[in-house]
Amino acid sequence: MKKTQRRVSEEHLRYLKKQRGKSAFVVAMQIILLVQFFLVWEVLASYEVIDSFIFSSPSKMWESFLSLSREGGLWRHVSATLLETVIGFVSATAIGLVIAVILWSVEPLRLILEPYIVVLNALPKIALGPIIIIWVGAGKGAIIVMAILISVIITVINILNGFLSVDKDKILLMKTLSASRAQILFKLVLPSNLSNIIAALKVNVGMAWVGTIMGEYLVSREGLGYLIVYGGQVFNLSLVMCSTVILTVLAAVMYFCVLILEKAVAK
Amino acid sequence: MNEILVLKGVSHRYHSKSGETEAIRSMDLSVREGEFFGIVGPSGSGKTTLLSILAGILQPSAGVVERGISPSEIGYMLQRDHLFEWRTIEENVLLGLEIRKIKSAERVDYALSLLKKYSLGEFVKKKPSELSGGMRQRVALIRTLALRPKLILLDEPFSALDFQTRLTVAEDVREIIAEEKVTAILVTHDISEAIALCDRVAVLSARPATVKKIFDNPLEKNLSSIERREHPSFAELFKEVWKELEFTDEKDAKKGK
């Protein structure tokens, strides 16, 4: 298709209209589904078809959201969790990237460490919880370490695989131009792996949330994970549900931030 | 004429866990300054290995390579263009200068003037994916020429192109190389391509590769590759080279390969 072609046929206009109609339908259905979910939930609870003590209800969740924000605790909990997640996410990605670069640069090291990395990847990181608490102390540190541990290994594996799959002939080309190992890394391997690194970021966003909430279950005195555990212990299901919804929204926002970054990089 | 490159008894073996492969056996070869030298051989006959040795990327197992120039004055053009998609055409062409840290204004001007001269001037800010295969290969050649090599090694640079493009790009490359007065060594399995472009053509045997015979091309240097293809002597030389190659294949068949 030529971009300069201004005149469009009737048929093409009809096609475009149909496509727009299609995507409008999809978005509308997505919104209706969400609204209906909460609506049905509310109605079932108010007619006592479901026990709102166990299942809570959207209006009760809203009440507990309001009381949380009135007492000023909301921002404290949200910011605590957000801070831990962002620190965990950024450091896991940075550490993973640096390790991948080192392993790519020093081949013997990569060969020696390969089996250990595979085993560490298979290990459920939550099992390290008690050790982390003893070493780092029961506080924010432990939560951040958990968030980092949960995503750093998989980051190393994914990014390193991308590095190793760079076209051998392109490396030969760099050698014919007498490039050093560092130049091959910075002028070929890293730029050609940009989309791969972004993909690792996308995975890590989710992982960092898992790590943070796990960490908060184990040790915290504040944060959304703490609210969820606390709410469960005192049977305040409204608090649990409310915190979960906030968590979902925050995770989605962070994921979209990475998507925006991806689009910016692609340009 | 001066010799720019001389091989004396060069051999090379590849080693892998499953054993060793003799790629080249005591090869003697000399390339003169200013000529377009062709090397044809059956596929898998160690042609790329030979070029890597000539370029100094690979050390031969035995023998000596005497170069009248330093390895940094040798340019290398690969089968595929390998332009970097994240760089514009201009940035791709300047890659070599950047890597060697010799990116002076004068050299940049020269590289850009080459792009203009070979009708790529309007594409400098474009990404490689916006160019046709033939244009991309011309950009790859200019990326090599930007370093002002005295000798340029061409490793089947047209084989990834369709036939139509191949003929025109081959002629473009011949013209550019003649115009910039560079010595060139072309490795190919395409006999007609070698005869259409080269002043002398060496025929290699199957692996382990040795030089079987070197043909002098009787066709005038100033003829275009298209004109050469139409010349009566073209078919004659083609037949001779073909016979030499065919003989190689028959010998292989008897060896049971």
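Me: Which element of chain A has the lowest mean pLDDT, and which the highest?

Reply: This is a predicted model, and pLDDT is the predictor's confidence in each residue, from 0 to 100. Among the elements of chain A, the lowest mean, 84, belongs to helix α2 (residues 52-55) of chain A, whereas helix α5 (residues 107-122) of chain A has the highest, at 94. For chain A as a whole the mean pLDDT is 90, with 97% of its residues at 70 or more.

Me: How is the packing of two helices described?

Reply: Two numbers are used, namely the angle between the axes of the packed helices and the distance between those axes. In chain A, α5(A) and helix α7 (residues 140-164) of chain A pack with their axes 9 Å apart and at an angle of about 135°. An angle counts as roughly antiparallel over 145 degrees and as roughly perpendicular from 65 to 115, so α5(A) is oblique to α7(A). The crossing in which α5(A) passes α7(A) is left-handed.

Me: Which residues make that contact?

Reply: From α5(A) come A:Ile117, A:Leu120 and A:Asn121, and from α7(A) come A:Ile153, A:Ile154, A:Val156 and A:Ile157. By class, the residues of this contact of α5(A) with α7(A) are six nonpolar and one polar, with no charged residue.

Me: At what angle do helix α5 (residues 133-145) of chain B and helix α6 (residues 163-179) of chain B pack?

Reply: Helix α5 and helix α6 of chain B pack at about 25°, and their axes lie 10 Å apart. Angles under 35 degrees count as roughly parallel, and α5(B) and α6(B) are therefore roughly parallel to each other. Here α5(B) passes α6(B) in a right-handed crossing. On the α5(B) side the contact involves B:Gly133, B:Gly134, B:Gln137, B:Arg138 and B:Leu141, which meet B:Thr165, B:Thr168, B:Val169, B:Asp172, B:Val173 and B:Ile176 in α6(B). The residues of this contact of α5(B) with α6(B) comprise four nonpolar, five polar and two charged.

Me: How many residues of chain B are in contact with chain A?

Reply: On chain B there are 12 such residues, and they are in contact with 12 residues of chain A. The largest share of the side of chain B that touches chain A comes from helix α3 (residues 95-99) of chain B, which supplies three residues. That side of chain B is made up of seven nonpolar, three polar and two charged residues.

Me: Is A:Ala24 buried or exposed, and why?

Reply: The idea is to count the other C-beta atoms within 10 Å, where 20 or more make a residue buried and 12 or fewer make it exposed. A:Ala24, which sits in helix α1 (residues 10-46) of chain A, has 10 such atoms and is therefore exposed. B:Arg25, in strand β2 (residues 19-32) of chain B, counts as partly exposed because it has 18 C-beta neighbours inside 10 Å. Leaving aside neighbours within four places in sequence, B:Arg25 is in contact with B:Ser11, B:Pro208, B:Ala209 and B:Thr210.

Me: What is the phi of A:Ser56, and what is that of B:Glu156?

Reply: Although A:Ser56 is not a glycine, its phi is positive, at about 55°, and B:Glu156, also not a glycine, has a positive phi of about 40°. A:Ser56 is buried, with 23 other C-beta atoms within 10 Å, and B:Glu156 is buried with 20. B:Glu156 lies in the loop between β6 (151-155) and α6 of chain B.

Key: Residues are numbered from 1 along each chain as its sequence is written. Chains are lettered from A and ligands numbered from 1 in the order in which they are written. This is a predicted model: local features need pLDDT of at least 70, side-chain atom pairs count only at pLDDT 80 or more; totals for chains, interfaces and linings use all residues. Two residues are in contact if their C-beta atoms, placed from the backbone, lie within 7 Å. Helices (H or I, at least four residues) and strands (E, at least two) are DSSP runs, numbered from the N terminus. Ala, Val, Leu, Ile, Met, Phe, Trp, Tyr, Cys and Pro count as nonpolar, Asp, Glu, Lys and Arg as charged, and the others, Gly among them, as polar. Axes are lines fitted to C-alpha atoms, for helices over the stretch in contact, and angles run from 0 to 180 degrees between N-to-C directions. A crossing is left-handed if the near helix is turned anticlockwise from the far one by less than a right angle, and right-handed if clockwise.
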